[in-house]
Amino acid sequence: MAQQPVTLRLLMPAPDVPPLRDAMIQAFQEENPGIRIEIIEGPNATNLIEDLYTSAFLLGDSPYDLINMDVIWTPKFAAAGWLIDLTDRVSEAELATFSPVDVEGGKYDGKLYRMPMRSDAGVLYYRKDLLDQAGFDPPETFDDLMTISKALQEDDTIPWGYVWQGRQYEGLVAMFMEVLQGYGGYWVNPETEEVGLDRPETIQAINFLRSTIREGISPPGVTTYQEEDTRRFFQSGQAAFLRSWPYVWPLANEAGSPIQGKVGIQPMVHQPGQESGGCLGGWGMGISKTTRHPEEAWKAIQFFTSLEPQKEFILNSGFVPSIRELFSDPDVLAKYSHYPDLLKVVDSAVLRPPIAQYAQASDILQRYLSAALTDRLSPEQAMRSAAAETRRLLGT
Amino acid sequence: MQDSIRAREQRTAWILLIPALLLLLFVYAYPIGRAFWLSLFTKNLGTQLQPVFSGLSNYGRMVGDGRFWQTFWTTTVFTTCSVVLELLLGLAIALVLNQAFRGRSLVRTAAILPWALPTALIGLAWAWIFNDQFGVVNDILLRLGIIDTGINWLGNPVLAMVAVILADVWKTTPFISILLLAGLQSISPDLYEAHALDGATPWQSFWRITLPLLMPQILIATLFRFAQAFGIFDLIQVMTGGGPGGATEVVSLYIYSTVMRYLDFGYGAALVVVTFLLLITAVAIASFLINRSRRSTATT
């Protein structure tokens, strides 16, 4: 007698569903006739997905078995006790196939709660054609970025130098993490929970961003821009540099784009003597604590994170792989020739503080950073308040 | 003998009151008491969502919480602006609807329509009306040649506030006008007639008769709207989500974030308690004014 198939439910943003469904679900169900996977297509905005998962968990009996998580939710969901601990289910050798920072992003308090599905990290795009023409090497430091921008603007080669995301939202914090890293500063030390927002490096990082506006390198409207505003700005040929995510690459190079084939990609710039670090994004899968089918759910995750389905998935979607081998896979390279550059970025990527109260800490930083960038507060004043509120939040 | 009948009646009265009192206790006193109790604990992600007694520390944290005071100020601005505008417009509409004209009942029904529609839908509609690319407001202004490029209404802190206030005024003015219309209809026409015979102009009649006699209704409407506007959530959540950059974030949105996004239940409860106490104080002051005006109208 045929057994009733087990159904696993999974909620994710609707635009992310097709690559997953095409590359993995079909193949998995063929291999495992006893398990069906039902994907619920949620809103496009990921914060709404987070809210939907949260409400489901708070009500006690979550209708979702598999949890598709952004890197910044993992500590919160884990600390609230909503996820199954996966530590003992995977060996160190299995984890070694992934980028270490993606694995780190799935951990909370030393335990693993999320298996990486795709990586993501902040990068710096530059106009290769313009830099070559003017005889510049790609910038290494913040000063290089300013000098090259000014030179290109003075020649009337391009109206603006550098665009970044300055609106008060999560993207602002992601962008700022990278500048802060480049100055050798830190936001919250994950081990000691020490807050570094009122340290001189943080003030220097803010002053750099303020100077890009003051000196006319960045347009004044940059403090209201999100990712897509900055991409359109860059793609229409109005700026020489753009800080954004890897998703820009295929769009900038598609047929009909004014900057097709004229773009270079590299890690974010830094101060001399410091290291650069892109802000780590990316998604992974965990298992809900209230699921009635943890074994089947784990089987699905193992399948999703194994090499062949991942390759299909990456080829299908153009996402950044978590499995290191895929960055040099010939089929992947044939389609996405810039992936070796991306691996460099992923390898130097930094995590946003993996603390349970991340959402709150981020909102505090967003408010005061935005106030400092728009001249409502001085950087010192703003960061003193931000640091005090963050310390009160973390109880340090 | 007389006394025992009286005592029995009183007892019956209490028995009859008990269901209603229990209901009040259950619906009002219990949640408020529970919120107060919870506000004495730290219960958040830092404590694995387990309650840990922490006395008044949540209240201490609130003092230094810039965001709470900012949202409190935003809520006050929103409430004051929208209630004042609604009162003025509502009074004007009530005065018109109080006149006899053809199709009056149809207009009266139509006027209540915005009040009857679900707020979330209205929020969605107004968000589109103020959309920078496809919005009606920009389209009209562009066609009239007042602006050259679309204004990003919901992306500018001041304009976003204007937009949510306008949407709220549109939605709740009908409520005030219906309340005031009821008040207007209770004023005897004889008064106006006598006043006119004494040589008073309609303008004088408005100030000397209409406004004083309408005062109780105006105060009740204000009280009602004040309490309601102070707790506004749905309209702003849908229209701006509290943005841009927290410019339209009101207290209830902040409480929602604290509880639902940050899972900081103890602190969220403390925010609820303080907001509740501040609101109760404001309402008590308003009721005191109402009673005084009632007494003064009763003596005149």
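How many residues does the contact take from chain B and from chain A? In this predicted model, 18 residues come from chain B and 19 residues from chain A. On the side of chain B that touches chain A, the elements giving two or more residues are α3 (66-97) and α11 (251-261) of chain B. By class, the residues of this side of chain B comprise 6 nonpolar, 7 polar and 5 charged.

Chain A is assigned two domains, domain 1 (6-119 + 281-347) and domain 2 (123-279 + 357-394). The centres of these two domains of chain A, taken over C-alpha atoms, are separated by 28 Å. Their contact draws 11 residues from domain 1 of chain A and 12 residues from domain 2 of chain A. On the side of domain 1 of chain A that touches domain 2 of chain A, two or more residues are given by each of α3 (74-79) and α15 (339-347) of chain A. The most comes from α15(A), with 4 residues. This side of domain 1 of chain A divides into 5 nonpolar, 3 polar and 3 charged residues.

An open sheet of 5 strands is present in chain A, in the order β2-β1-β3-β11-β6, and its pairing is mixed. At the edges are β2 (35-42) and β6 (115-118) of chain A, each of which pairs on one side only. From one strand to the next, the twist averages 30 degrees. Helix α1 (residues 17-31) of chain A packs on the sheet and touches β1 (6-13) and β2 of chain A. The direction of α1(A) makes about 170 degrees with that of β2(A). Helix α12 (residues 294-304) of chain A lies across β1, β2, β3 (66-70), β6 and β11 of chain A. Relative to β11(A), helix α12(A) runs at about 160 degrees.

Another pair of elements in chain A is formed by helix α16 (residues 358-373) and helix α17 (residues 379-394), whose axes come within 9 Å and cross at roughly 170 degrees. The two helices α16(A) and α17(A) are therefore roughly antiparallel to each other. From α16(A), the residues that meet α17(A) include A:Ile364, A:Leu365, A:Tyr368 and A:Leu369. Among their counterparts in α17(A) are A:Met383, A:Ala386, A:Glu389 and A:Leu393. The contact of α16(A) with α17(A) has 12 nonpolar, 3 polar and 1 charged residues.

In chain B, the domain assignment gives domain 1 (1-29) and domain 2 (65-299). The C-alpha centres of domain 1 of chain B and domain 2 of chain B are 38 Å apart. Helix α7 (residues 157-185) of chain B packs with helix α9 (residues 202-230) of chain B at an angle of about 155 degrees, and their axes lie 9 Å apart. This angle makes α7(B) roughly antiparallel to α9(B). The crossing in which α7(B) passes α9(B) is right-handed. On the α7(B) side, the contact is made by residues including B:Asp168, B:Thr172, B:Ile176 and B:Leu180. On the α9(B) side, the residues include B:Leu214, B:Gln217, B:Ile218 and B:Arg225. By class, 10 nonpolar, 3 polar and 2 charged residues make up the contact of α7(B) with α9(B).

Conventions: Residues numbered from 1 in each chain as written. Chains lettered and ligands numbered in written order. Predicted model: local features only at pLDDT ≥ 70, side-chain atom pairs only at ≥ 80, totals over all residues. Pairing = 2+ DSSP bridges. Axes fitted to C-alpha atoms, helices over the stretch in contact; angles between N-to-C directions. Contact = placed C-beta atoms within 7 Å. Domains from an automatic or database assignment. Nonpolar A, V, L, I, M, F, W, Y, C, P; charged D, E, K, R; others polar. Parallel < 35°, antiparallel > 145°, perpendicular 65-115°, else oblique. Left-handed = near helix turned anticlockwise from the far one by under 90°.
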